[in-house]
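Please walk me through this structure in plain terms, with the cut-offs behind each term.

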Amino acid sequence: MSNERFLRSANLEWLKKAYFSNEQQKLHIKQGEVLMKQGEENKRLYLIEKGALTGYLEDETGKPFEVFRSTEGMFVGVYSFFSKTYASYATIIATEDSDLAYIDTSVDVVEDEECRSFVEHFMPIIVNELSSRQLLAREASLEKERTLKRLLHHDKMATLGEMAAGLAHELNNAVGVLQRKTEWLSEEMAGYLKEKDSKGMFPFFEEGLKHGQHLSSREVRKNRQKLEAKGLPSSEAQKIARTGITDKDLKKHFKNDADHTNRMYYYWEIGTAFHDMLLAAKHAVHVVKSVKQLGVSGAERKHGVRISDTINEALALLNSPLRQVNLQTDIEEVPEINASSGELVQVWVNLIKNAIESMLQVEGLDPKLRIACWVRSYKIMVEVEDNGPGIPQAIQEKIYEPHFSTKNDGPVVGLGLGLAIVRRLVESYQGSINLKSRSGKTIFNISFPLEKDLKQ
Amino acid sequence: MSRINIICVDDQRDVLTTVSRDLQPLNNHIDIEECESADETLELIEDLDSEGKHIAVIISDHVMPGKSGVELLKEINEDNRFVNTKKVLLTGLATHQDTITAINQAGIDRYLEKPWHAEELLNNVKELLTAYIMESGLNYEKYMDVLDQPTLLNHLRKRH
Amino acid sequence: MTKSNIKKIIAVIIPLIIFLLPPSFFPIENLSIVEKRVIGIFFLAAFFWVLEPIPIYATSVLIIVLELLLISDKSFVLFMQGSDAANFGTLMSYREIMATFASPIIMLFLGGFFLALSATKYRLDQNLARVLLKPFGEKPKMVMMGLMVITAGFSMFMSNTATTAMMLSILAPVLAVFNPGDKGKTAFALCVPVAANIGGIATPIGTPPNAIALKYLADTGTISFGQWMSFGFPFVLVLLLFSWVLLSALFPIETPKIKLAIKGKFLKTQKAYIVYATFAVTIFLWLFDFLHGMNAYIVALIPVAVFSATGIINKEDLKNLSWDVLWLVSGGIALGNALDKSGLAKNVVANIPFEAFPALALIVFTATLGLLMANFMSNTATANLLLPIIAALGTTMTSLEDFGGGKMLILCLTFSVSLGMALPISTPPNALAHATGQIQTNQMSKVGVIVGITGVLLTFVMLYVLKMVQFI
């Protein structure tokens with residue numbers, strides 16, 4: 001742009017006519033041909049009448065890299081011609097078939113109305129050339145900076161991903177052993193207790209193992225108070241209340257004997273301990289599995305991935321933060337697609353996490369999160385809706401930019417990588433992401449084309 | 001003689017029962033109550049307080065549906081009926097900001113991280129229980145086996 | 001029904017029955033109405049102090065209020081009906097009953113509390129412990145001796161509980177590094193309460209029973225602070241040495257070296273110097289009363305004034321004073337006064353044929369009873385209950401004169417009461433040491449019983465010597 005302005009002001013037309021109209025001093029050069037080589041003698045100043053040329057320099061290893069690109073109406077050889085070194089500073093190759101006109105050192109000054117000298121005629125061109133080269137250099141360095149940053153970021157993410165995967169792998173075995181051995185031990189224990197049991201206590205173990213403590217603390221307290229009112233000592237009442245056995249069963253088993261109560265509770269407590277351990281182990285296994293998939297970022301896409309499954313996995317990963325909100329899920333079974341479940345889990349984790357965090361910023365809000373998944377007209381639709389403060393119109397487009405954040409927390413290991421990645425991933429599936437947001441209702445709507453569309 | 005209570009708060013029932021299980025050694029002298037939410041806790045302490053019972057220690061998780069643990073402890077901290085009540089945050093998921101709020105505004109006495117060690121939890125609770133009993137002027141001799149020695153001795157040294 | 005409810009009911013019903021019974025029911029001739037009421041109050045006190053349905057200091061307050069209601073000259077009209085009858089008995093002045101809250105004995109203790117409080121506040125206690133422990137080196141047996149000497153020394157002027165609390169917290173890190181199987185741990189944990197219990201015997205302010213004894217001794221001829229120490233101190237030294245030998249023999253220490261690390265430096269502020277000086281002056285005045293003529297009670301108020309005026313003891317600190325101990329003692333004094341002034345004590349003694357008892361048997365019985373009761377209940381409450389009767393007995397029994405009379409019997413009982421330390425519940429220091437978890441109850445009992453009995457025997461020896469030098 002600045003280039004053009006310069007050339008116009010230099011009265012290019014006059015210059016061209018005055019200096020570059022000599023038919024003897026014209027040249028045609030084919031694409032790929034070398035006009036001049038770095039360091040070789042050049043006493044000519046070329047005007048590109050048609051086509052394009054590119055200048056290259058060699059780096060320390062001898063590999064060429066681009067330094068400038070000149071197109072129609074621009075000059076080449078400015079440096080060697082005007083600096084009087086008469087040596088080309090770059091290698092110039094035609095990027096396409098080009099027509100050039102030139103002058104050489106023997107040129108005479110063409111008189112104009114103002115009687116300006118030759119140098120004066122060409123001054124704007126020299127300055128322009130210098131400035132455009134500087135511009136190019138600046139852009140190059142900026143671009144380099146950006147690349148470096150991107151690389152670094154990518155590197156960081158890759159490391160996080162690898163770390164997560166490594167961790168998951170390490171944990172996988174440990175958690176697996178815990179789960180397997182807990183199962184085994186609970187079975188063994190059941191057998192042992194059944195054999196040893198002479199007082200009919202085994203059912204309490206089974207009850208505990210099957211259901212755990214299924215009463216809430218409030219219900220336990222109510223039960224206990226009822227039992228205490230019947231004259232039971234506080235500690236025994238607490239124990240019986242916890243097991244949640246009904247009044248009818250209680251009459252059958254209850255002998256108003258502390259030893260009996262204690263034994264009964266003991267059996268039940270062992271049962272619930274195994275119940276909780278098995279549940280905890282199962283949960284741990286699930287989380288580890290999910291993290292492992294997260295770690296495999298950019299993983300190969302396989303057939304047979306169900307989006308609904310990936311949503312459930314994301315929910316399992318976010319089990320803890322999700323406890324702070326009311327979650328409603330309407331997830332239908334959807335057809336399988338060709339995808340990397342790790343990538344999809346990452347999409348959901350990001351969206352859900354953002355939703356939760358935005359809602360928790362509002363004090364006194366009863367946070368509600370709705371996640372839906374269904375199929376409509378050859379598309380799989382997913383919606384993540386929250387009743388948070390919403391995203392202001394002004395920044396709705398900005399949220400997809402990398403590094404954009406409304407919070408200062410920085411990335412959470414392996415999880416929140418930002419909406420930029422969400423969009424990139426979604427678009428890589430030829431999907432689309434839409435945002436509707438006002439205060440109290442924010443919906444991210446993601447759609448994926450169904451498999452047969454993907455194949456087309 | 002009104003009983004002394006310790007209240008455990010956690011919305012995950014398996015975690016809650018594990019916490020109270022770990023505190024069972026205190027059970028002979030102290031009542032251990034369980035609550036699954038902050039609101040339930042607030043109701044319970046109202047009830048206990050109206051029965052003239054002592055609330056010595058509250059051990060709360062942070063991340064819970066409804067009111068968070070820090071909010072709960074903050075509320076209790078601002079209630080002049082519970083000035084001596086000791087507050088413990090037992091969590092694995094508090095952010096930096098939560099922690100700062102917990103210390104500056106909820107005046108928590110201990111911050112314990114999940115997963116916890118049974119013995120560490122018990123010792124911390126014993127220390128706080130001892131401090132509560134001594135600060136409330138209760139007859140410590142009755143609770144001798146569940147008190148923390150160094151805390152008790154420190155309090156007694158100041159009395160003449 | 002819970003255990004504590006049963007206790008409450010027993011403790012209330014039995015005295016109530018006694019109140020309601022007619023005077024003629026009691027096997028005492030010419031029992032007046034007032035005397036009968038005093039019997040009721042006495043039994044109420046006894047049951048309440050033994051069973052402890054309410055805190056022991058509360059029982060004391062109850063005694064004082066009951067006296068004001070039932071046997072004072074300004075009480076409820078109905079209770080004073082028939083006061084002109086021949087057999088009504090003499091009512092007590094309400095002023096006299098109320099004055100027990102501020103009796104000289106209470107003032108003596110208050111002074112002691114102020115000294116102890118300032119010592120703790122200005123870390124004089126801990127710094128003294130640090131300096132005094134140094135000469136005992138690092139050999140475990142010597143360190144133990146050091147601990148015992150210092151604990152006993154401190155408990156002469158500070159409360160036994162506070163002294164034990166301080167010494168145990170100094171000891172705690174050391175106990176932690178002992179080998180698990182080393183019996184020496186028990187020796188160390190036990191030496192502190194034993195020394196604290198014994199140490200209290202040495203001065204009138206060392207433990208409340210001493211002060212109460214001082215009240216009854218005043219009736220039979222005063223003993224000054226310095227005089228008390230002249231026999232109490234050697235007694236403590238000998239018994240302490242015995243306990244040290246006993247503990248070292250019962251629980252041999254395997255650990256070759258022990259290092260007690262006590263942090264701190266003597267404070268060098270103006271206030272700290274005032275504390276040091278007042279401490280020294282007060283003790284000097286207590287010991288050398290024959291030089292200046294002021295008695296121990298008056299001297300005791302000097303530190304109270306100095307520390308209050310200089311702000312060394314401020315409003316907040318006052319809350320840390322054991323007002324409960326002062327009230328406990330007041331109640332005892334009030335009970336004693338009632339027994340004495342109503343004439344009941346003398347009446348009872350006169351009605352029971354003590355004269356027939358051999359004097360020696362009575363002395364042994366007194367010591368045994370004191371020792372036994374003190375093992376199961378508060379030492380002070382034991383003294384509160386037994387001292388008034390024993391004092392009355394001592395003054396009336398002529399056969400005792402050969403052995404030193406009333407003075408001798410009071411001292412015998414007072415010393416025995418302080419020697420009750422066989423159980424964790426015997427004294428607060430015992431409870432604290434037992435709670436360290438290093439001592440089993442049977443180990444404590446073994447040491448407590450041996451030291452207790454030896455102590456009583458030693459008391460007899462001491463009293464014999466005192467009689468020899470014609471002190472009593």
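In which helix of chain C does Ile14(C) lie? Ile14(C) belongs to helix α1, residues 3–20 of chain C; helices (H or I, at least four residues) and strands (E, at least two) are DSSP runs, numbered from the N terminus. This is a predicted model, in which local features need pLDDT of at least 70 and side-chain atom pairs count only at pLDDT 80 or more, while totals for chains, interfaces and linings use all residues. Residues are numbered from 1 along each chain as its sequence is written, chains are lettered from A and ligands numbered from 1 in the order in which they are written, and side-chain values use heavy atoms, with hydrogens and water left out.

Ile14(C) has a relative accessible area of 31% and is partly exposed; buried means under 20% relative accessible area, exposed over 50%, and partly exposed in between (1.4 Å probe, protein chains only). Together with Ile6(C), Ile9(C), Ile10(C), Val12(C), Ile13(C) and Ile17(C), Ile14(C) forms a nonpolar surface patch with about 530 Å² of accessible area. Patches are made of residues with over 30% relative accessible area and no salt bridge, where like charges are joined within 9 Å and nonpolar side chains (Val, Leu, Ile, Met, Phe, Trp, Tyr) within 5 Å. Accessible areas come from the Shrake-Rupley method with a 1.4 Å probe, and for residues only the protein chains shown count as cover.

The interior comes next. A nonpolar core is a set of buried Ala, Val, Leu, Ile, Met, Phe, Trp, Tyr and Cys residues joined through side-chain atoms within 4.5 Å. The largest such core has 201 residues, and Leu23(B), Trp49(C) and Trp286(C) have the most contacts inside it. At least three of its residues come from each of domain 1 (1–98 + 324–347) and domain 2 (104–323) of chain C, with bounds from an automatic or database domain assignment. A second, separate core of 43 residues includes Ile307(A), Val334(A), Ala355(A) and Phe448(A).

How do the chains meet? Of the 2 pairs of chains in contact, chains A and B share the most contacts, contact meaning heavy atoms within 4.5 Å. Chains A and C do not touch, and their nearest C-alpha atoms are 10 Å apart.

Over all chains there are 39 salt bridges, each a side-chain nitrogen of Lys or Arg within 4 Å of a carboxyl oxygen of Asp or Glu. One of them pairs Glu269(A) with Arg21(B) at 2.3 Å, N to O. Glu269(A) sits in helix α9 (residues 258–295) of chain A and Arg21(B) in helix α1 (residues 13–22) of chain B, so this pair joins two chains. Glu269(A) is buried at 16% relative accessible area, whereas Arg21(B) is partly exposed at 41%. Within chain C, Glu138(C) and Lys259(C) form a salt bridge, with the closest N and O atoms 3.5 Å apart. Both lie in loops, and the pair ties together parts that are 121 residues apart in sequence.

Some backbone geometry remains. Most residues other than glycine have a negative phi, and most peptide bonds are trans. The bond between Lys114(B) and Pro115(B) is cis, with omega about -5°. Pro115(B) is in the loop between β5 (110–113) and α5 (118–135) of chain B. Gln430(A) has a positive phi, near 60°, and is exposed at 55% relative accessibility.
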